[in-house]
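Please open the model in a viewer and keep the selection panel at hand.

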Amino acid sequence: MSQCNGKPHQCKDQLRAVESWSSHIFPIKSPENALGTLRLIEASLCIPIVSRRDIRYNLALGGGATMDAGSYPINLVRFLSGEEPEVVQATATLASQGVDRRMDADLRFPSGLTGHIRASLFSSDLLRISARITGDQGHMSVFNYVSPQAYHRLTVKTTSTHRTEHMAGDASYTYQLRAFARAINEGTPVLTNANDAIANMRVIDSVYRKAGLQPRMAAEDSPQSTPTAT
């Protein structure tokens with residue numbers, strides 16, 4: 001903590017900002033402009049959390065698929081687009097009153113780009129960790145953008161090429177630790193700061209509202225309305 005100018009909370013804030021989004025740091029990317037003008041960005045994170053005793057299903061603790069798994073695809077589409085989206089519509093499937101076990105949401109960006117995110121803690125998509133970026137010249141698909149060191153696959157298909165790639169690299173947490181160390185030792189700006197976290201949370205809140213649910217911060221104090229039917 002001595003390298004934080006005597007202010008341990010600054011280290012904690014930096015660590016929180018760096019820790020969450022390995023997809024910003026792990027070196028998976030497509031050649032610039034290979035896809036042409038971007039039209040659609042889709043991202044999913046679906047995992048099987050079977051036990052309803054898991055804290056992710058606890059409304060009082062901010063439970064729900066969107067709050068947990070959904071934060072990753074939401075952050076990814078924001079990162080790839082470089083814009084803040086409007087949530088056009090959202091559809092929730094509930095595990096219990098007010099707690100979503102699956103969420104689908106359609107997004108629209110200021111440039112006209114559209115997006116779609118899917119998140120689930122238990123659904124027919126037991127395990128789905130993927131992203132797809134579609135442009136007018138082709139598309140790129142990524143499997144496992146969250147923990148690519150375990151296994152990943154990047155496929156690019158354009159009007160002139162079709163290839164699959166695997167990127168060599170360290171664990172995503174290693175890249176996060178290096179970014180954190182550079183921020184503390186050299187003052188290098190972090191890729192994901194507190195402002196980015198707030199912006200991500202705004203989208204999460206908007207997804208819940210569009211699905212007919214209360215944002216998590218108000219869940220204990222407000223009655224839950226009926227979610228959009230699936």
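Helices (H or I, at least four residues) and strands (E, at least two) are DSSP runs, numbered from the N terminus.

Two remarks on the basis of the tour are in order. The model is predicted, so that local features need pLDDT of at least 70 and side-chain atom pairs count only at pLDDT 80 or more, while totals for chains, interfaces and linings use all residues. Residues are numbered from 1 along each chain as its sequence is written, and side-chain values use heavy atoms, with hydrogens and water left out.

**Helix α3**

Remain on α3 and display its side chains. Ser172, Tyr175, Gln176, Ala179, Phe180, Ala183 and Ile184 are buried, where buried means under 20% relative accessible area, exposed over 50% and partly exposed in between (1.4 Å probe, protein chains only). An α-helix has 3.6 residues a turn, so residues three or four places apart point the same way. After α3 comes Gly187, with a positive phi near 75°.

**The sheet**

Next, select the strands. Eight of them form an open sheet with mixed pairing, in the order β2-β3-β4-β1-β5-β6-β7-β8. β2 (86-96) and β8 (162-165) are the edge strands, each pairing on one side only. Two strands pair if DSSP finds at least two bridges between them. Direction ignored, neighbouring strands are turned by 10° against each other on average; axes are lines fitted to C-alpha atoms, for helices over the stretch in contact, and angles run from 0 to 180 degrees between N-to-C directions.

Within the sheet, β3 (residues 99-108) is antiparallel to β4, with seven bridges, and Arg102 faces Ser120 in β4. Further along, β5 and β6 run antiparallel, joined by six bridges and by a hairpin of two residues. Ala131 has Val142 in β6 as its bridge partner.

**Two loop residues**

Select Asp125, in the loop between β4 (114-120) and β5 (128-135). Is Asp125 buried or exposed? Its relative accessible area is 18%, so Asp125 is buried. Leaving aside residues up to four places away in sequence, Asp125 touches Cys46, Arg102, Arg118 and Ser120; contact means heavy atoms within 4.5 Å.

Move to Asn144, in the loop between β6 (138-143) and β7 (153-158). Asn144 is a residue other than glycine with a positive phi, near 70°. Asn144 counts as buried because its relative accessibility is 6%.

**Helices α2 and α4**

Now show α2 (residues 71-81), which lies across β1 (38-46), β3, β4 and β5 at about 155° to β1. The axes of α2 and α4 come within 10 Å and cross at roughly 115°. Where they meet, the α2 residues are Ser71, Ile74, Asn75 and Arg78, and those of α4 include Ala199, Val203 and Val207.

Finally, select Val207. Among its contacts, not counting residues up to four places away in sequence, are Thr66, Ile74 and Met103.
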